[in-house]
Amino acid sequence: MKLSIPQDVYDQMIKHCQEGMPNEACGLVGGAGGGDAVASKIYLLNNAAASPVYYRPDDKGLLAAMNDIDTNELDLVAIFHSHVASHAFPSPTDVREAHYPGVVYLIISLAGLGPDARGFLINKKDWRDDAGEIESVELVVS
Amino acid sequence: MTLVSVELKIPALLRSHVGGVKQLEVPEGSLRELLEAVAAEHPAFGTQIFEEEGALHRFVNVYVNDEDARYLDGLETQVVDGDVVAILPAVAGG
């Protein structure tokens, strides 16, 4: 699977993550889903957990973003968050709390010299399961 | 005269279980009554959101007018005409 992201959407996502330091930042990405996905709109959300090791979007922002995605006939194509001190790879918590099949989980690591963004699908037999298998997604920023 | 009822927003993940619609108009009552009525009509929807004991699945969040029902009266929260109820799978991680 591939996720194409316009440069300006990508830049906004990275900036939001950097501005959220030292805590994790998060948000949603709308676009066209189904097979290879194309991002078109970003929703920068507040991390209600205000934590360097956990994220949970604030309810009002999350609901408004989901409503906007529906209103504009978009699909939710990605959920992003930052890792402030670890690699851009799903943590056990990320896997356990992933409940959006087919939606790319974008992780932006800020632990290195520069931001490192990677995408994953977290495939589960049942979306409510704790356990899942991680599948890498190709990101194309242009 | 405008007919007003409770608007129930269905997340993309569950739309296939309710005929593909984004939202349903449902009568007022408790959240439990409202969701069980939808589940009676669409059994697969019910098995997705409820545990066997009748509680909401822990990864299913329900909001009434943007407030998490867990911080209201849970499934006993009363919703009235004009209210908006939204179901969302949890978004979180670490």
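Before you start, a word on conventions: residues are numbered from 1 along each chain as its sequence is written, while chains are lettered from A and ligands numbered from 1 in the order in which they are written. Since this is a predicted model, local features need pLDDT of at least 70 and side-chain atom pairs count only at pLDDT 80 or more, but totals for chains, interfaces and linings use all residues.

View 1. Two residues are in contact if their C-beta atoms, placed from the backbone, lie within 7 Å.

**View 2. Strand S3 of chain A and its partners.** Helices (H or I, at least four residues) and strands (E, at least two) are DSSP runs, numbered from the N terminus, and two strands pair if DSSP finds at least two bridges between them. S3 (residues 37-45) pairs with S1 (residues 2-5) in the parallel sense over two bridges. With S2 (residues 26-32), S3(A) pairs in the antiparallel sense over seven bridges. Look for A:Val38: A:Ser4 stands opposite A:Val38, and A:Val38 is also the bridge partner of A:Ala32. The hairpin of S2(A) and S3(A) has four residues between the strands, and A:Gly34 there takes a positive phi near 85 degrees.

**View 3. Helix H1 of chain A.** A:Tyr10, A:Met13 and A:Cys17 are the buried residues of H1(A). Down the helix axis they fall within an arc of 65 degrees, so they line one face; the arc is that of the directions from the helix axis to the C-beta atoms. Over on the other side, A:Gln7, A:Asp8 and A:Glu19 are exposed. A residue is buried if 20 or more other C-beta atoms lie within 10 Å of its own, exposed if 12 or fewer, and partly exposed in between, with C-beta atoms placed from the backbone. The buried residues of H1(A) pack against several strands of chain A, including S1, S2 and S3.

View 4. Most residues other than glycine have a negative phi, and most peptide bonds are trans. A cis peptide bond joins A:Met21 and A:Pro22, with omega about 10 degrees, and A:Pro22 sits in the loop between H1 (7-19) and S2 of chain A. A:Glu73 is not a glycine, yet its phi is positive, about 60 degrees. With 9 C-beta neighbours inside 10 Å, A:Glu73 counts as exposed. In chain B, B:Asp66 has a positive phi near 75 degrees, and its place is the loop between S4 (60-64) and S5 (67-68).

**View 5. Around A:Ser51.** You'll find A:Ser51 in the loop between S3 and H2 of chain A. Leaving aside neighbours within four places in sequence, A:Ser51 is in contact with A:Asn23 and A:Glu24.
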